[in-house]
Amino acid sequence: MHAITIPEPGGPDALVWAQVPDPRPGPGEVVIDVTASAVNRADLLQRQGHYPPPPGAPAYPGLECSGVISAVGPDVVDHRVGDEVCALLAGGGYAEKVAVPAGQLLPVPAGVSLADAAALPEVACTVWSNVVQLAGLSKGETLLVHGGGSGIGTFAIQFAAALGATVITTARAGKHDRLRELGAHHTIDYTSTDFVAETNRIAGGADVILDIIGGAYLGRNIDALAVGGRLAIIGFQGGRKAEFNLGALMAKRGSVHATTLRARPVEEKAEIVRGVHQLVWPLVGAGTVRPIVDRRVPMAQAAEAHRIVESSDHLGKVLLTTA
């Protein structure tokens, strides 16, 4: 088979479409013939040499995919060759085939094409595990989403609105109309407006903040929390280190959580996938929440897809397709 390899870390041209060995399913695993994968910020970090795959994961980038099961390993009883699925991966999605634990498989939701289903597993599992499981967002609360035009952002906006939350999001002004169409109640142009002052003006602070920026926003995010607010940090596009006023956090009776999904044990991922299947997938099947796909790029041209994502000019997911 072919896969995107990274012989040496670097820019987008470090990605090389090369012949590699076919994967074989181990116990509890299946092999998927990949129809599509999706580009995530973590893939860019891996390409640059900053985010290596966890032990035992494929060396190729790609944290989600969709496709058709072509082989089933021992101890797999609920899935068969020929099933159309999408999957949460620890790596390996930028390939024609990938082996994945059966507990990380999801059915393709009703009304979603097989290719577009590749846009869902990583964002759905990330948003569900952070916004609901960890931060406990509930109906009537306010969620502030940073990077509303990203794959995570477009999904979080729709999902939180479906839960009955008030959604505030930051994004470039050119994306605001689309984000309001997805369910955002308030949009903030982070290039010209202070999101802290605006969030406090709109809602008296956010009950939950979903943050992809990290260090550069830490202190300001705490200032934007409501009393009892919860900050969930899932990225560090703005740096890994920061100082903040602990007294401000204590005065808010707030909490700060920082999580990753990729390196969690298989059992934890399977638990998250079960929750997504039970409580998120019905919303997708009903069309209340849908995958937002900016464009599709042939997988062999993954370097171009990385350039698109690095520019931040896209809205939603950039998919890599094998056909």
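Arg-230 is buried, with a relative accessible area of 14%; buried means under 20%, exposed over 50%, and partly exposed in between (1.4 Å probe, protein chains only). This is a predicted model, in which local features need pLDDT of at least 70 and side-chain atom pairs count only at pLDDT 80 or more, while totals for chains, interfaces and linings use all residues. Residues are numbered from 1 along each chain as its sequence is written, and side-chain values use heavy atoms, with hydrogens and water left out.

**Salt bridges**

- Arg-230 forms a salt bridge with Glu-141, and the closest N and O atoms are 2.9 Å apart; the term denotes a side-chain nitrogen of Lys or Arg within 4 Å of a carboxyl oxygen of Asp or Glu.
- This pair links distant parts of the chain, since Arg-230 belongs to strand E12 (residues 225-233) and Glu-141 to the loop between H2 and E8, 89 residues apart. Helices (H or I, at least four residues) and strands (E, at least two) are DSSP runs, numbered from the N terminus.
- Glu-141 counts as buried, at 16% relative accessibility.
- The structure has 13 salt bridges by this rule.
- Another of them joins Arg-296 to Asp-116, with the closest N and O atoms 2.6 Å apart. Arg-296 is partly exposed at 47%, whereas Asp-116 is buried at 17%.
- Within helix H4 (residues 176-181), Asp-177 and Arg-180 lie three residues apart, about one turn of the helix, and their side chains meet in a salt bridge of 2.6 Å, N to O.

**Aromatic pairs**

- The structure holds two aromatic pairs; rings of Phe, Tyr and Trp (its six-membered ring) pair if their centres lie within 6.5 Å, and planes under 30 degrees apart count as stacked, over 60 as edge-to-face and the rest as tilted.
- The rings of Phe-155 and Phe-159 are stacked because their centres are 6.2 Å apart and their planes stand at 25°. Both residues lie in helix H3, and both are buried.
- Phe-195 and Tyr-217 form a tilted pair, 4.8 Å centre to centre with 45° between the planes.

**Surroundings of His-146**

- His-146 lies in the loop between strand E8 (142-145) and helix H3 (151-163), and is buried at a relative accessible area of 1%.
- The side chain of His-146 makes a polar contact with the side chain of Thr-170 at 3.1 Å. Such a contact is a pair of N or O atoms within 3.5 Å; within protein, one must be able to donate a hydrogen and the other to accept it, and residues adjacent in sequence count only if both atoms are side-chain atoms.
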